[in-house]
Amino acid sequence: MSETSGQTATQTGIDPRGPQFAAALTVVVLLLALLLPQPWALVVTVIQTVLFAIGAGLGVQRTPHAWLFKKFVRPRLGAPDELEDPAPPRFAQGVGLAFVLVALVGFLVGATVVAQIALGLALVAAVLNAVFKFCLGCELYLLIRRLAPTPSA
């Protein structure tokens with residue numbers, strides 16, 4: 001087993017507490033984006049957009065959140081009961097990215113209500129993950145996998 005940028009990772013999985021920790025940090029960032037006045041709300045939305053893009057593009061193991069988890073949280077915890085596939089959390093980062101991109105465009109074109117609704121929806125998903133360990137994006141990924149036809153061998 002090797003430590004990789006934030007979560008205990010092997011070829012088969014990641015520490016599931018890492019994405020939950022990241023969701024808690026995301027809650028804080030999204031709340032700031034909703035509560036701060038312009039132009040600060042836009043700046044915070046850009047930051048969250050970059051964070052989601054890193055998670056979706058490079059994987060959740062390579063985010064700043066993962067580094068914080070590895071450096072400060074993981075050493076204080078025991079080993080996880082089981083590891084999880086990194087694909088669903090990575091997909092969830094892509095879903096989050098879609099919502100904050102809508103918010104970003106909303107802010108840029110003056111559609112503040114649209115931006116706030118998109119941020120609010122992303123916030124609900126982050127709260128569900130951070131508090132209840134329920135990842136909406138992960139569940140969507142698994143549903144798509146179940147419904148998608150499997151290629152014939």
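Two rings of Phe, Tyr or Trp (its six-membered ring) form an aromatic pair if their centres lie within 6.5 Å. The legends below describe close-up views of a predicted model.

**View 1. Aromatic pairs, with F21 and F69 in the centre of the view.** A search of the whole structure finds three aromatic pairs. One of them joins F21 and F69, whose ring centres are 5.9 Å apart and whose planes make an angle of 45°, a tilted arrangement. F21 belongs to helix α1 and F69 to helix α3, so this pair ties together parts that are 48 residues apart in sequence.

**View 2. The edge-to-face pair of W67 and F72.** A pair of aromatic rings is described by the distance of the centres and the angle of the planes. For W67 and F72 the centres are 5.9 Å apart. The planes of W67 and F72 stand at 85°, so the pair is edge-to-face; the cut-off for this class is an angle over 60 degrees. W67 has a relative accessibility of 46% and so counts as partly exposed. F72 is likewise partly exposed, with a relative accessible area of 43%.

View 3. Side chains of opposite charge can pair when their charged atoms come close. How many salt bridges does the model contain? The count comes to two. In one, the side chains of D15 and R17 meet with an N to O distance of 2.8 Å. In the other, D15 pairs with R74, and the closest N and O atoms are 3.2 Å apart. D15 lies in the loop between β2 (7-9) and α1 (17-35), while R74 lies in the loop between α3 and α4 (87-109), so the pair ties together parts that are 59 residues apart in sequence.

**View 4. Accessibility of D15, R17 and R74.** Which of these residues are buried, and which are partly exposed? D15 has a relative accessible area of 0% and is therefore buried. R74 is also buried, because its relative accessible area is 12% and the cut-off for a buried residue is under 20%. R17 has a relative accessible area of 24%, so this residue is partly exposed.

**View 5. The disulfide of C135 and C138.** A search of the whole structure finds one disulfide. C135 and C138 form this bond, with their sulfur atoms 2.4 Å apart. Why is the disulfide described as right-handed? The torsion about the S-S bond of C135 and C138 is about 70°, and the disulfide is right-handed for that reason. C135 is buried, with a relative accessible area of 13%. C138 also counts as buried, at 11% relative accessibility.

**View 6. T63 in its loop.** T63 is located in the loop between α2 (40-58) and α3 (64-73). A polar atom of the T63 side chain lies 3.2 Å from the backbone oxygen of V60. Is T63 buried or exposed? The relative accessible area of T63 is 6%, so this residue is buried.

Methods
Residues numbered from 1 in each chain as written. Predicted model: local features only at pLDDT ≥ 70, side-chain atom pairs only at ≥ 80, totals over all residues. Heavy atoms only, no water. Helix = DSSP H or I, 4+ residues; strand = E, 2+ residues; numbered from the N terminus. Buried < 20%, exposed > 50% of the residue type's maximum accessible area, 1.4 Å probe, protein only. Polar contact = N/O pair within 3.5 Å; in protein donor to acceptor, adjacent residues only side chain to side chain. Disulfide = S-S within 2.5 Å. Salt bridge = Lys/Arg side-chain N within 4 Å of Asp/Glu carboxyl O. Phe/Tyr/Trp six-rings, centres within 6.5 Å; stacked < 30°, edge-to-face > 60°.
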